[in-house]
Amino acid sequence: MTPRVQEKISIPLHSIKEGVSEYKFRSKFVESEVLTGCEFREKIDVSLKITKGGADYLCEISVRSVGHFICDRCLEEFDREVKASSAVLYTYDKSSAEMESESLHVLSASADEIDISSDVIDILLLEVPAKKLCMEDCKGLCPVCGKNLNTENCSCVKDEIDPRWQGLRNIDFSK
Ligand SMILES: [Zn+2]
Ligand SMILES: [Zn+2]
């Protein structure tokens, strides 16, 4: 299952004038958890600036949402804002397509709209961190008793001794 936005985010080509046009959208992610290990519970705010020059439509896309994550270290859930922006070029000019790039889409002669739905998803997902920490210096869970060391202290001995061998320490070998 590929994540997608709830409603298509698109602009009819005939409505775009030469020069700069700006748009705002709000949409929602669906099936976001499947692919990313995070969930976007809030809406996604999208700002789009299109600069049209001849056959080219340069789309500067900014996205913002709040991701719901699980900390890799302490397993607590937390929310964090995710913001990113990127530029994508839509063009009728096939020769541009030779400069093969992920951020370039060639419009077919019959195209009647620019659909940035998948660009929005790509931009946002790229910004999701691989390592998810509730805070930079999260202390994580105690490997012995499992307490969350950000909120509680414990007196476990976390040294090199495996707790299963702890008993050997108390044996007096001098007898
Ligand atoms: Zn944490
Ligand atoms: Zn402990």
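Predicted model: local features only at pLDDT ≥ 70, side-chain atom pairs only at ≥ 80, totals over all residues.
Let's start with a pair of residues: in strand β8, T91 is the bridge partner of D56. Residues are numbered from 1 along each chain as its sequence is written, and chains are lettered from A and ligands numbered from 1 in the order in which they are written.

Back to our two strands. β7 and β8 pair in the antiparallel sense, over 15 bridges; two strands count as paired if DSSP finds at least two bridges between them. Another bridge in this pairing puts C59 with V88 in β8. The hairpin they make has six residues between the strands, and L75 is in that loop. L75 is not a glycine, yet its phi is positive, about 65°. Is L75 buried or exposed? It is exposed, because 12 other C-beta atoms lie within 10 Å. The cut-offs, with C-beta atoms placed from the backbone, are 20 or more other C-beta atoms within 10 Å for buried, 12 or fewer for exposed, and partly exposed in between.

Now look at the other partners. β6 and β7 also pair in the antiparallel sense, over nine bridges, and D45 stands opposite R64 in β7. Their hairpin has two residues between the strands, and G54 in the turn has a positive phi of about 60°. Strand β5, residues 39-40, runs antiparallel to β7 and is joined to it by two bridges, with E39 opposite H68. On β8 there is a parallel pairing, with strand β9 (residues 104-106), over three bridges. There, L89 has L104 in β9 as its bridge partner.

Staying on β7, let me point out F69. Why does F69 count as buried? Because it has 20 C-beta neighbours inside 10 Å. Leaving aside neighbours within four places in sequence, F69 is in contact with C38, F78, R80 and K132, where contact means C-beta atoms, placed from the backbone, within 7 Å. The C-alpha atoms of F69 and R80 are separated by 7.7 Å, with the two residues eleven apart along the chain.

Let's zoom out for a moment. The protein comes to two helices and ten strands, and from the N terminus the order is β-β-β-β-α-β-β-β-β-β-β-α. Of its 175 residues, 17% count as buried. Among contacts with a separation of 6 or more, 59% are between residues 24 or more positions apart.

Next, the core. What does helix α2, residues 117-126, bury? The buried residues there are D119, V120, I121, I123 and L124. Their cover includes β1 (4-5), β6 (44-53), β7 (56-70) and β8 (77-91). The largest nonpolar core has 22 residues, and the members that touch the most others are I44, V46, C59, I61 and V120. β6, β7, β8 and α2 each supply at least two residues of this core. A nonpolar core here is a set of buried Ala, Val, Leu, Ile, Met, Phe, Trp, Tyr and Cys residues joined through C-beta atoms within 7 Å.

Beyond its neighbours within four places in sequence, I61 is in contact with V46, L48, S85, S86, V88, I116, D119, V120 and I123.

For contrast, go to E7, in the loop between β1 and β2 (10-12). E7 counts as exposed because it has 11 C-beta neighbours inside 10 Å. Its C-alpha atom is 9.8 Å from that of V30, a residue 23 places away along the chain.

Last, confidence. pLDDT is the predictor's confidence in each residue, from 0 to 100. The mean over the protein is 85, and 80% of residues reach 70 or more.

Thanks, everyone!

Methods
Helix = DSSP H or I, 4+ residues; strand = E, 2+ residues; numbered from the N terminus. Contact = placed C-beta atoms within 7 Å.
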